[in-house]
Amino acid sequence: MNGPAAPRKAAPVTVARDADTARIIARGGDGLAHGILERTFFLREVHGVTWHRLSPTVLPADQAAVAQLAVARLRAAGYRVDADAECATPTTQDRYVTDGRSIANLAAAIREATSPAEVSDRLEEVTAAHDGILAALEQLLHSLAAFYDGLGGPADQHIADRMRYLAEHRLGPITADLLHTRTELADRTTAPARPGTSLPAAAPAAPAATASGRTR
């Protein structure tokens, strides 16, 4: 594994088992550190300050190993990590390129664009029908709704309805606006045809066959 990246200026991250709750808790860091934790089975809590707790989906026998993985990823990203003996590890582990990072790279490309045509082209991945980013997010919301339909708890139907509402009434206008934006930017680049230019000539029709099988 590679060594840690250059040290970051963010506050150090503390990862340790809490004596009062017996849960492994992570505190400190910045937004990137929080994202690393959340992709390593930690759940975000916001009560005045942001902190993270290890998800109850992690089996007790695996908790120390998962905490060590989070520490290794944080250290690889350049964070100073203070971990107790259970969570500490001398190793590092480079982070993979996440879906969120891919979208952030797309945003960076839009910031660096120098023409409406470039931005319009970048938006194709966002607005593409069926498998674009927004279409995939709509599928995710409907999948969550279907999942909650099957849980059967007192509040589950309300959550399912909320997910469908977000997909159909909140995400829909965003999709429509971005589709319009992409088209508007593309149309800005459409210049009048230069004198003497014309559309390509149509291809000649294929010869028709006669009853004898010969062409005419």
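Five strands build an open sheet of mixed pairing, in the order E3-E4-E2-E1-E5; strands here are DSSP runs of at least two residues (E) and helices of at least four (H or I), numbered from the N terminus, and two strands pair if DSSP finds at least two bridges between them. Welcome to this predicted model, in which local features need pLDDT of at least 70 and side-chain atom pairs count only at pLDDT 80 or more, while totals for chains, interfaces and linings use all residues. Residues are numbered from 1 along each chain as its sequence is written, and side-chain values use heavy atoms, with hydrogens and water left out.

- E1 and E2 pair in the antiparallel sense over five bridges, and Thr-14 has Arg-27 in E2 as its bridge partner.

**The largest nonpolar core**
- A nonpolar core is a set of buried Ala, Val, Leu, Ile, Met, Phe, Trp, Tyr and Cys residues joined through side-chain atoms within 4.5 Å; buried means under 20% relative accessible area, exposed over 50%, and partly exposed in between (1.4 Å probe, protein chains only).
- The largest such core has 19 residues, of which Val-15, Ile-24, Phe-42, Leu-74 and Tyr-79 touch the most other members.
- Strand E1 (13-17), strand E2 (24-28), H1 and helix H2 (63-76) are the elements giving it two or more residues, and H2 gives the most, with five.
- Apart from this core lies another, of 13 residues, including Leu-106 and Ala-167.

- Thr-40, in the loop between helix H1 (31-38) and strand E3 (42-47), counts as buried because its relative accessibility is 0%.
- Leaving aside neighbours within four places in sequence, Thr-40 is in contact (heavy atoms within 4.5 Å) with Leu-54, Val-66, Leu-69, Ala-70 and Arg-73.
- Ser-120 sits in helix H4 and counts as buried at 3% relative accessibility.
- With neighbours within four places in sequence set aside, Ser-120 contacts Arg-182, Leu-185 and Ala-186.

**Helix H7**
- H7 (residues 156-188) has 33 residues and reaches 47 Å from its first C-alpha to its last, close to the expected 48 Å, which is 1.5 Å times one less than its number of residues.
- A kink of about 40° lies at Leu-171, shortly before Pro-173; the bend is the angle between axes fitted to the seven residues ending there and the seven starting there.
- The buried residues of H7 pack against helix H4 (116-122) and helix H6 (133-151); among them are Met-163 and Leu-185.
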